[in-house]
Amino acid sequence: MPIAVLVVEDEPLVRFDIADYLAEQGFEVHEAASADQALAILEAIPAIRLVFTDIDMPGSMDGLKLSAAVRKRWPPVQIIVTSGNRIAGTAEMPEGSLFFAKPYRPADIARSMQGLLAGRA
């Protein structure tokens, strides 16, 4: 049974690229273009085990606020944060989450997801 992950990225080409790569790696990939959309998907699909989110997005909250909301509401969900504009420190992100600067290598993201989900980040 594939592991469900949610990719939250407002840039369609970036989102499609990583979502396609993760699907090829065997993940069940769900996509959201904003934090608001991501929260609705998380409510509708309780099987999601990991959120991969960009920081800078339009809408009511950015990726860091989304990460905090996910950790508070769905504590077991793992989180990976990314940005091309800033570096998020560990103090800004929920405990146990990871950060990747853009541009990232999709293989590194997939490997980190597998590590987080196996409990060896």
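Phe52 and Tyr104 are both buried. Buried here means under 20% relative accessible area, exposed means over 50%, and partly exposed is in between, with a 1.4 Å probe and protein chains only. The two rings form an aromatic pair, edge-to-face, at 5.4 Å centre to centre and 80° between the planes. A pair of aromatic rings is described by the distance of the centres and the angle of the planes. The cut-offs: rings of Phe, Tyr and Trp (its six-membered ring) pair if their centres lie within 6.5 Å; planes under 30 degrees apart count as stacked, over 60 as edge-to-face, the rest as tilted. The search of the whole structure finds 1 aromatic pair.

A word on the model. It is predicted, so local features need pLDDT of at least 70 and side-chain atom pairs pLDDT 80 or more, while totals for chains, interfaces and linings use all residues. Residues are numbered from 1 along each chain as its sequence is written, and side-chain values use heavy atoms, with hydrogens and water left out.

Back to the pair. Phe52 sits in strand S3, and Tyr104 in the loop between strand S5 (98-101) and H4; they are 52 residues apart. Helices (H or I, at least four residues) and strands (E, at least two) are DSSP runs, numbered from the N terminus.

Next, the cores. A nonpolar core is a set of buried Ala, Val, Leu, Ile, Met, Phe, Trp, Tyr and Cys residues joined through side-chain atoms within 4.5 Å. In soluble globular proteins, nonpolar side chains tend to be buried together. Here the largest core has 24 residues, and those touching the most other members are Leu6, Val8, Leu42, Val51, Leu66, Val70 and Val81. Which elements each supply at least two residues of this core? They are strand S1 (4-8), helix H2 (35-44), strand S3 (48-54), helix H3 (63-73) and strand S4 (78-83). H2 gives the largest share, 5 residues. Apart from this core lies another, of 15 residues, among them Val7, Leu22, Phe27 and Leu50.

Look at Val51. Leaving aside neighbours within four places in sequence, Val51 is in contact (heavy atoms within 4.5 Å) with Leu6, Val8, Leu42, Val70, Val77, Gln78, Ile79 and Ile80.

Now helix H1, residues 12-24. Its 13 residues reach 18 Å from first C-alpha to last, close to the 18 Å expected at 1.5 Å a residue. The expected span is 1.5 Å times one less than the number of residues. Which residues of H1 are buried? Arg15, Ile18, Ala19 and Leu22. Seen down the axis of H1, they fall within an arc of 100°, so they line one face of the helix. That arc is taken from the directions from the helix axis to the C-beta atoms. An α-helix has 3.6 residues a turn, so residues three or four places apart point the same way. On the face of H1 turned away from its buried side are the exposed residues Leu13 and Glu24. The cover over the buried residues of H1 includes S1, strand S2 (28-32), S3 and helix H4 (106-117). Just after H1, Gly26 takes a positive phi of about 100°.

How many salt bridges does the search of the whole structure find? It finds 7. A salt bridge is a side-chain nitrogen of Lys or Arg within 4 Å of a carboxyl oxygen of Asp or Glu. Glu31 and Arg15 form one, at 3.2 Å, N to O. Glu31 lies in strand S2 and Arg15 in helix H1, so the pair ties together parts that are 16 residues apart in sequence. Arg15 is buried, at 10% relative accessibility. Glu31 is partly exposed, at 31%.

Lys102 and Asp54 form another, at 3.4 Å, N to O. Lys102 is in the loop between S5 and H4, and Asp54 is in strand S3, 48 residues apart. Is Asp54 buried or exposed? At 5% relative accessibility, Asp54 counts as buried. Lys102 is partly exposed, with 24%. Glu9, Asp54 and Lys102 are linked in a network of salt bridges.

Last, helix H4. Its 12 residues should span 16 Å at 1.5 Å a residue, and its end C-alpha atoms are 17 Å apart, which agrees. Its buried residues are Ile109, Ala110, Ser112, Met113, Gly115, Leu116 and Leu117. S1, H1, S3, S4 and S5 are among what covers them. Just after H4, Gly119 takes a positive phi of about 85°.
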